[in-house]
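This report walks through selected strands, helices and side-chain contacts. Read it with the structure open.

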Amino acid sequence: MKKILSIFLSLLLTAPLLFAQEIPLPEHPRPDFMRDNWINLNGTWDFEFDSLNTGLSNEWQAGKSKFSKEITVPFPWGSELSGVKDEADIAWYRREIKVPENWKSKKTFFTIGASDWETTVWIDGQLLGKHTGGYTPFSFDLTPYVKHGKKQKLVIRVDDARRMFTLYGKQGYGNARGIWQTAYLEARGNTFIKYSHFLPDIDNQSVTIKGELGEAAITDIPVEIRFSNGQLAIAKVTAGQKKFETSLKINSPHLWSLEDPYLYDVSIKAGDDLVNSYYGHRKISVTPLPGTDIPYIAINNEPVYLQLALDQSYHPEGFYTFPTDEFMKNEIVLAKNIGLNGIRTHIKVEVPRKLYWADKLGCLVMADLPNSWGEPDEQMQKASEFTLREMIERDFNHPSIFSWIVFNETWGLKTAVEKNGKKENVYLPKTQYWVASMYYLAKSLDGTRLVEDNSICCGAGHTETDIYSWHQYLPGYKWEEFMSNLDTTTYAGSTYDYEPGFSQGNQPMINSECGNVWGYAGSTGDVDWSYDYHRMMNVFRKHPIMAGWLYTEHHDVINEWNGYWKFDRTPKYTGLGDLASGMADTDFHSLVYLSTGQDITRKSTAGTKEAVELYLSCHTGNKMPQSKLKISYQLKGTDEFGETYSSEKNEVVVDYQPWMQKQLNDLSVKMPAKNGIYHLSLQVQDMNGKVWHTNVMSFAVEGASAPNHFTVPAGSYLDAAFTVKSESVLDGKKANGLGTGSFQYSIKGDADAVKGKNGYLLLELSSRPTYMRDDKDAEKLKDLDYMLGAVADPAKNANAYPMTDTYLNASEVVISVAGKKANSLILSDDPADHRGVLSWFNQNEDGTLTEAGTYGYLVKIPLSRSQVRAFKKSGSLDFEIKTESKNGVAVYGKDFGQYAFDPGVVIY
């Protein structure tokens, strides 16, 4: 756990696949637009940096200059998988190609899926062309220069010098320098198809096909479109024209949906050109949540509650480029496996094969236009408009994409102006109107999807948009207040979250970035995401006016560690199943959700009854055609003596109807008679016994007497001697010993008054490694620009404490009682997740965190009868916790960790 360098290790599951392939990413890069005759040019190319910017010399163009390096295409230079370090802004590529003899009757094109930024290509010294832009494909016609069956030299020069107007996105996580998508040769017909778009109409059971040829037709050309169901449509391109259009009735249409992502395979033939494609017959629209007037995004006329992840779409070794097709598929599988129904590919035009897997597996996609980091000048506007057109043209046929996001958080939209003698960056009205025009441009290019003008944050507002979205990062305890305010400010005509001159219409209101990572002072670094996430989900499901949410984020990246998975895609663990039997991460994303409100942990008094709020949120549609649901509940936990407790299981039956969002009657739950921490599990079942959802709420129970339990606060040790340091956490709720060393404790009490001859030492312990946050020099890193990729330890921030994952920090601990060794044990980890309920519950609500979610392991060490007698006689018992492991030790008290007891002795 928490080894920083581990994020740069090879993904072990995919490495064997990579090495088994002769070339990386051998699959056709565009299953939605594929010709049979093509040659993949990925693999080893000659490579050289042009550090002196020697320009377009004849020797370089012809490939005769010396190349001292080799690069693996299509990985960007500077990435580990490329095999080349980042040493300059300009570089040259060279390799030999051989165009097959049987392509003589065709045109030959060279295509690069994406190359950042200015790319110039020659064959045998002959200039083919130049392309500017870093995210979309481009092709050059080799036909006039091809020598079929013979070797020829292909040379490429890429200039990736930083220009403030270019669309750069968040490449600070790892630059997409040079070629970063598949390069290939392709045989096209002499009359070839440039693109073809499918516009399904499910209401009329038809589809319209629009397309364009690469060149104007010399004579009338028929275009045949054959569908996998056997149907055929005929279009025609008239002489002198390039575009074609036709419509076709679809017999018994098979709709694409999240549950059944059916794809129609289609071939398009124009003259001697044949392209294989596919499309999903589905509809994206807005419709009211049934029984309300609340607008929701709909697929095939049925509302969908959006549960998405922000996907930075990065790989630690390939940056923008993934090592294998299987890895891309697994990105979608990971999201679906925890119950998400979509992703937002953030500030990156996504790799087509990853979109293909979203199409094939049934996962929604919000597609971002990358941003610049300069001002919205003429060059920036031109670059944005060009890339928007290109990405929509390329990705039109992906049914998974349901929305285009043109801008994000006004990045690249502010202009420096002078105010009161100072320069300020301002989102000017003229820029706002240009942003609105970009919304209309996107709508003109694609009327089948929703378009968002600006995914807003930090004081900026919307202009023209199909979705009213907002970003917010808050501590878990602030969500109810925030959402209650939105209940009153969201309505047609409201100017809340809109720029002057614009107002809300009937758009669906969604969150399009949320979480706790930026909700605490200075961000948090790596921290247990699950506890605050749980509070947030509980609140969101109580406010159906919000049609969905988008959590930040799918996976960790270089400088953001708030992912469901680590950067290398190894898992993090929430531990929910230990709190409520059968509960898993998927329960946060259930179609049926039973919320107990924002406060998921509560103090209670032993033996009393607690009223538990219940709110039932159902987005089941017709998936559960019943009129009743059963809610079963049970209280389980551990008392202050380290003994487990379990109540009887009870149940109530409630009325149900599809899409219901309803406050239920409170539950009355009796607390145990002993102090401890107890977890109320709640299960929602249909009347056939199928479990649809499990949730949990915790109670820290106090007030019972315990005369046979003698304790000392964790922070009240007699002495501590550690090689790094010792410290008391949050007023003694926890004690940390960093490095090797020991804690000395002494327990006092009138044990003679207790009947009993036996006893045991009761502790909660974990390892406690030394993190960067513990280093006195950590402050030196406070000014790093994390947004653009400054690398630091995920545990640097004072609020951070790395979440439980697969990387362990074991520590061997020896416990001695009255100077005699009593036990030796291995503390396998320093975990931090939802199981550390008390470490979350007892945080100060001041915008900071102190080792939130940390917890230890229950340790019971029997005392000898002589030790018990000595304690009863003297009223004092001394013990030592010692480690010679570098990973230290932590001691937990009754208000921290997962057990509600201080270090102590139990006599019985």
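The model described here is predicted.

S9 pairs with strand S5, residues 107–112. The two run antiparallel and are joined by four bridges. Phenylalanine 110 has phenylalanine 140 in S9 as its bridge partner.

## Aromatic pairs

How many aromatic pairs does the structure hold? The count is 52. One of them is formed by phenylalanine 47 and tryptophan 77, with ring centres 5.9 Å apart. Their planes meet at 55 degrees, so this pair is tilted; edge-to-face would need an angle over 60. The pair links distant parts of the chain, 30 residues apart. Phenylalanine 47 sits in strand S2 (residues 43–49). Tryptophan 77 sits in the loop between strand S3 (69–73) and strand S4 (90–98). Phenylalanine 47 is buried, at a relative accessible area of 0%. Tryptophan 77 also counts as buried, at 0% relative accessibility.

Now take tyrosine 135 and tryptophan 180. Their ring centres are 6.2 Å apart, and their planes stand at 80 degrees, so the pair is edge-to-face. This pair, too, links distant parts of the chain, 45 residues apart. Tyrosine 135 belongs to the loop between strand S8 (126–132) and strand S9 (138–141). Tryptophan 180 belongs to the loop between strand S11 (178–179) and strand S12 (183–188). Are these two residues buried or exposed? Tyrosine 135 counts as buried at 1% relative accessibility. Tryptophan 180 counts as buried at 0%.

Which arginines lie over the face of a ring? Arginine 162 is one of them, placed over tyrosine 168 at 4.0 Å from the ring centre. Arginine 188 lies over the face of phenylalanine 109, at 4.0 Å from the ring centre.

## Strand S24 and its crossovers

Strand S24 covers residues 342–345. Gly342 and Arg344 point one way, and Ile343 and Thr345 point the other way. All four residues are buried.

S24 pairs with strand S23 (residues 306–311) in the parallel sense, over four bridges. Leucine 310 stands opposite arginine 344 in S24. From S23, the chain crosses through helix H3 (residues 325–337) to S24, and this β-α-β crossover is right-handed. S24 also pairs in the parallel sense with strand S25 (residues 364–368), again over four bridges. Here glycine 342 has leucine 364 in S25 as its bridge partner. S24, helix H4 (residues 352–361) and S25 make a right-handed β-α-β unit.

## Helix H3

H3 has 13 residues. Its span from first C-alpha to last is 18 Å, close to the 18 Å expected at 1.5 Å a residue. Which residues of H3 are buried? They are Asp325, Phe327, Met328, Glu331, Ile332, Leu334 and Ala335. An α-helix has 3.6 residues a turn, so residues three or four places apart point the same way.

The buried residues of H3 pack against S24 and H4. Just after H3, glycine 339 takes a positive phi of about 90 degrees.

## Helix H6

Helix H6 runs over residues 429–445 and has 17 residues. It reaches 25 Å from its first C-alpha to its last, close to the 24 Å expected at 1.5 Å a residue. Its buried residues include Thr431, Gln432, Trp434, Val435 and Ala436. Met438, Tyr439, Leu441 and Ala442 are buried in H6 as well.

What do the buried residues of H6 pack against? Their partners are helix H5 (378–395), strand S26 (401–408), strand S27 (415–419) and strand S29 (450–455).

## Glutamine 634

Glutamine 634 is in strand S36, residues 628–639. At 13% relative accessibility, glutamine 634 counts as buried, because the cut-off is under 20%.

Leaving out residues up to four places away in sequence, glutamine 634 touches Ser646, Ser647, Glu648, Lys649, His679, Leu680 and Ser681. Serine 257 is 377 residues apart from glutamine 634 along the chain, and their C-alpha atoms are separated by 37 Å.

Key:
Residues are numbered from 1 along each chain as its sequence is written. This is a predicted model: local features need pLDDT of at least 70, side-chain atom pairs count only at pLDDT 80 or more; totals for chains, interfaces and linings use all residues. Side-chain values use heavy atoms; hydrogens and water are left out. Rings of Phe, Tyr and Trp (its six-membered ring) pair if their centres lie within 6.5 Å; planes under 30 degrees apart count as stacked, over 60 as edge-to-face and the rest as tilted. Buried means under 20% relative accessible area, exposed over 50%, partly exposed in between (1.4 Å probe, protein chains only). A charge sits over a ring if NZ of Lys or CZ of Arg is within 6 Å of the ring centre and within 35 degrees of the ring normal. Two strands pair if DSSP finds at least two bridges between them. A crossover is right-handed if, with the strands pointing away from the viewer, the path from the first strand over the helix to the second runs clockwise. The expected span of a helix is 1.5 Å times one less than its number of residues. Contact means heavy atoms within 4.5 Å.
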